[in-house]
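Please open the model in your viewer and keep the sequence panel beside it. We will go from one selection to the next and say what can be found at each stop.

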Amino acid sequence: MELHGKEELKGPVLHIVVVGFHHKKGCQVEYSYPPLIPDEGHDSNNLPEEWKYLPFLALPDGAHNYQEDTVFFHLPPLTGVDMKCVYGVSCYRQIEAKSLKVRLADVTRETVQKSVCVLSRVPLYGLLQAKLQLITHAYFEEKDFSQISILKELYEHMNSSLRGMALEGSQVFLGMSPRDLILHFQHKVLILFKLILLEKKVLFYVSPVNRLVGALMTVLSLFPGMIEHGLADSSYYRPKSSVSEDISLVDCVSRAEEFVSVTDITNATMELVGDEGRGEDQITSTTMKASQRTSPSPETSTPARENTHLKPPSRTSPDSSESDWETLDPSVLEEGTIDSETGGLGFGGSGGLEHPETFDPVTGTPITVQPRGLSAGPGGQGVVTQGLVSGLEEDQYGLPLAIFTKGYLCLPYMALQQHHLLSDITVRGFVAGATNILFRQQRHLSDAIVDVEEAKIQIGDPELRRLLGLTTADLRFADYLVKHVTENREDVFLDGTGWEGGDEWIRAQFGLYIHSLLSSTLQEDNEKLLADWGAPFISAWRITHNYRVWFINNHPAMADITPGHPFQGQYSAADLKLRFSHSVQNSERGKKMGAAVITTSRSVVQTGKAVGQSVGGALTSAKSAMSSWFSMLAQPATVPTPEPPLPTETKP
């Protein structure tokens, strides 16, 4: 994606902001260039209503515990301004007040805490961070915070260097290391991947913030095109003071409403239930068109093929289900519909095609054929166009998926002041990060809590745990990644520079995974093929918003993708071992058993070391006695021979 027209003239960087901590007022904006509010000065503390949380995001909670930190955050677009998600990068530092050359009157504490923040139109988190860290260091080295010329130079430099830059290549993923993520989370990375596909409420938790946002954004980088184009609508929310109980959902969710509208929850649920028993003769012509374009099996209807024109709900309900959030109308695509005879996927009419085995159970090596879009450029995506339904810029495979749209938020860091968003009825779900313990304690507000420090995923709902259970093919895939990452990290000089086991290689594997998954979902009658992905998971994913948006559109390039799991194949003894290892590592009983074994082993070793010398002779004697005893038991029992009878005299 390149910046064009007015955006190119304005530049990718919107503002440079300095946020400080005032001993009476708390966190506040001290300087902004250009001014955040055009009619006010650079030193104004006032903020646009939509950005009222900016000071608390740029200067994170608990920052006083660290000398420096880095924050990634998202801000909603301003009302009446042609923009989408605003990407923020903040570098925080603190220094002793006595070291300042110019000490202002409002500096009353022993330390001074400030953050230098960049607000940008483009999601170049790592690149902005690298530039900002240098400037922040120089700004603090001046020891005179009234010297703001360096900040103006930063604004001009960033806009001149980033203007016209395409969002592709390694610069997009700078600072995001899937290798480190897999080394830390192991096979659980795949559980996180599936969790986000299901659009659940996922909360990441760890301190400091740079670890938090690094882990969260690295997970998102595994989704093809997500960082580059998939977060444009990820921050559509209203501050708490401006949210009314009677506000319409249309006013609170993404501006993609013009592409897809929202239906009443009750009607959507009835349609989903009624559609399951629908036969071929009951499907409307519009639905049949969509079915013929995207699937070889028109007999089976999925919830995405509803023929109901959708209208905004008259009210919002806190009891609304995420899966019933909305359905789509295939007729919105009638003008751009390609005839089924020329635009079909080319799979033919048989849903039970025999697919070649792509996993060799002997060698454990999959055939990792990359889709054409993955080799189109260094960024992993080829030509992108505006999605008719999603409103995002998509490639020929319909990626990135429209996950962060329609009220599903991506907030790499959440301030405590944003806590109300977790229970806001206008928020469908979220992938968010927090460092405050209050977020973690209220577990009922999240479907899953990811403890980054402990590499644990806490899921309270047993049904959700069942949906996320990894199949044998999934375990093979995860094990394949873990082995390649761990085996290729021995050389400290070449660490991370090779292809296999490297960051780009891992993203390519997840790209293959999602392409194969999407292609497999079109084979509706092939239960054996879908079982490799987990039938419950497939069923749950098919009723999510992101899958419906993808399914309702036409993606002819999917004909080049072979359906089936990349690691499908016959079961072997290695699979049993893999399954057992996975169960022990994830179940509470398995963890307790493992901890007990470790504790017992340590006790035995320590006891042996402590008393080995003092009782060595006794142990040797006992061993000899036991050996003799076993030897005696092993000898055959001796049978006593009867003595011959004594001769007796016979009388004549």
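Which residue in strand 10 is the bridge partner of Tyr205? Select Tyr205 together with strand 10, and you will find that the partner is Ala434. Keep in mind throughout that this is a predicted model.

Now widen the selection to strand 6 and strand 10, which pair with each other in the parallel sense over four bridges. These two strands belong to an open sheet of five strands, whose order is 9-10-6-11-12 and whose pairing is mixed. If you colour strand 9 and strand 12, you have marked the edge strands, each of which pairs on one side only. As you turn the view, note that neighbouring strands of this sheet are turned by 15° against each other on average, when direction is ignored.

From here, turn to the charged side chains. Side chains of opposite charge can pair when their charged atoms come close. The structure holds eleven salt bridges, and the tour visits some of them.

Select Arg428 and Glu199, whose side chains meet in a salt bridge with an N to O distance of 2.5 Å. Arg428 lies in the loop between strand 9 (408-411) and strand 10 (429-434), while Glu199 lies in the loop between helix 6 (188-197) and strand 6 (202-205), so the pair ties together parts that are 229 residues apart in sequence. Both Arg428 and Glu199 are buried.

Move on to Glu453 and Arg211, which form a salt bridge whose closest N and O atoms are 2.5 Å apart. This pair also links distant parts of the chain, since Glu453 sits in the loop between strand 11 (448-451) and strand 12 (456-459) and Arg211 sits in helix 7 (residues 209-220), 242 residues apart. Glu453 counts as partly exposed because its relative accessibility is 42%, and Arg211, at 33% relative accessibility, likewise counts as partly exposed.

For the last stop, select Lys98 and Glu96, whose side chains meet in a salt bridge at 3.7 Å, N to O. Are these two side chains buried or exposed? Lys98 is exposed, with a relative accessible area of 69%, whereas Glu96 counts as partly exposed at 43% relative accessibility.

Conventions
Residues are numbered from 1 along each chain as its sequence is written. This is a predicted model: local features need pLDDT of at least 70, side-chain atom pairs count only at pLDDT 80 or more; totals for chains, interfaces and linings use all residues. Side-chain values use heavy atoms; hydrogens and water are left out. A salt bridge is a side-chain nitrogen of Lys or Arg within 4 Å of a carboxyl oxygen of Asp or Glu. Buried means under 20% relative accessible area, exposed over 50%, partly exposed in between (1.4 Å probe, protein chains only). Two strands pair if DSSP finds at least two bridges between them. Axes are lines fitted to C-alpha atoms, for helices over the stretch in contact, and angles run from 0 to 180 degrees between N-to-C directions.
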